[in-house]
Amino acid sequence: MDVVEAVVYHCFQNLVTATALQELYSVHYQSQAIKQKLNEFDKLLEKKNNKVFTMLSQQNISSFFYAFRWFNLLFAQEYDLPDLLVIWDALLAHQPNLIEYAFYIGLCQIKDVESKLLSTNSSANISLLQNLDPSRNQIILRNAKKLWVKDHRKEKF
């Protein structure tokens, strides 16, 4: 078990240091790195789903309230381990763009609940975005893959 623990720790350390994931754990400069990463997500949301972005902005719902934990914990708070392993597999398959692909999963999670968002109730919207339906993970992953491929079709991997 000591060898397994050492290998897992080594893999986790490499994952954090080799990807933009490390920026979500920064405490330097009043967490400017975290704000910058979430700002990148906000710009992507604005570009891909301006209607929801505008509604959340008008309600002063920052992505920090709901999306920070998605990306910081790589969706571990939202999904049980069997579903989480499928999500992590998809994320790890998109190295070195792990966080960027996580943003696409986040976009599709928002799209999945878009019809339930209320234009007049910010607290209900925050609650909805913080309490996703874990049974929809396959649909969300399928949609994230389609959106990623559409946006990155011309890139060489």
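Trainee: How many of the 157 residues of the protein chain count as buried, as a percentage?

Mentor: A residue is called buried under 20% relative accessible area, exposed over 50%, and partly exposed in between, with a 1.4 Å probe and protein chains only. In this protein chain, 39% of the 157 residues count as buried. Please note that this is a predicted model, in which local features need pLDDT of at least 70 and side-chain atom pairs count only at pLDDT 80 or more, while totals for chains, interfaces and linings use all residues. Residues are numbered from 1 along each chain as its sequence is written, and side-chain values use heavy atoms, with hydrogens and water left out.

Trainee: Which secondary structure does the protein chain have?

Mentor: Helices (H or I, at least four residues) and strands (E, at least two) are DSSP runs, numbered from the N terminus. The protein chain has nine helices and zero strands. Its radius of gyration is 16 Å, close to the 15 Å that the globule rule gives for 157 residues, so the chain is as compact as a globular protein of that length. That radius is taken over C-alpha atoms, and the rule is 2.2 Å times the number of residues to the power 0.38.

Trainee: Where does Glu114 lie, and is Glu114 buried or exposed?

Mentor: Glu114 belongs to the loop between helix H7 (98–113) and helix H8 (122–130). With a relative accessible area of 13%, Glu114 is buried.

Trainee: Which residues does Lys48 touch, not counting residues up to four places away in sequence?

Mentor: Touching, or contact, means heavy atoms within 4.5 Å. Leaving out residues up to four places away in sequence, Lys48 touches Leu107, Leu147 and Asp151. Lys48 is found in helix H2 (residues 32–48) and is partly exposed, with a relative accessible area of 30%. The side chains of Lys48 and Asp151 also make a polar contact at 2.7 Å.

Terms used. Polar contact = N/O pair within 3.5 Å; in protein donor to acceptor, adjacent residues only side chain to side chain.
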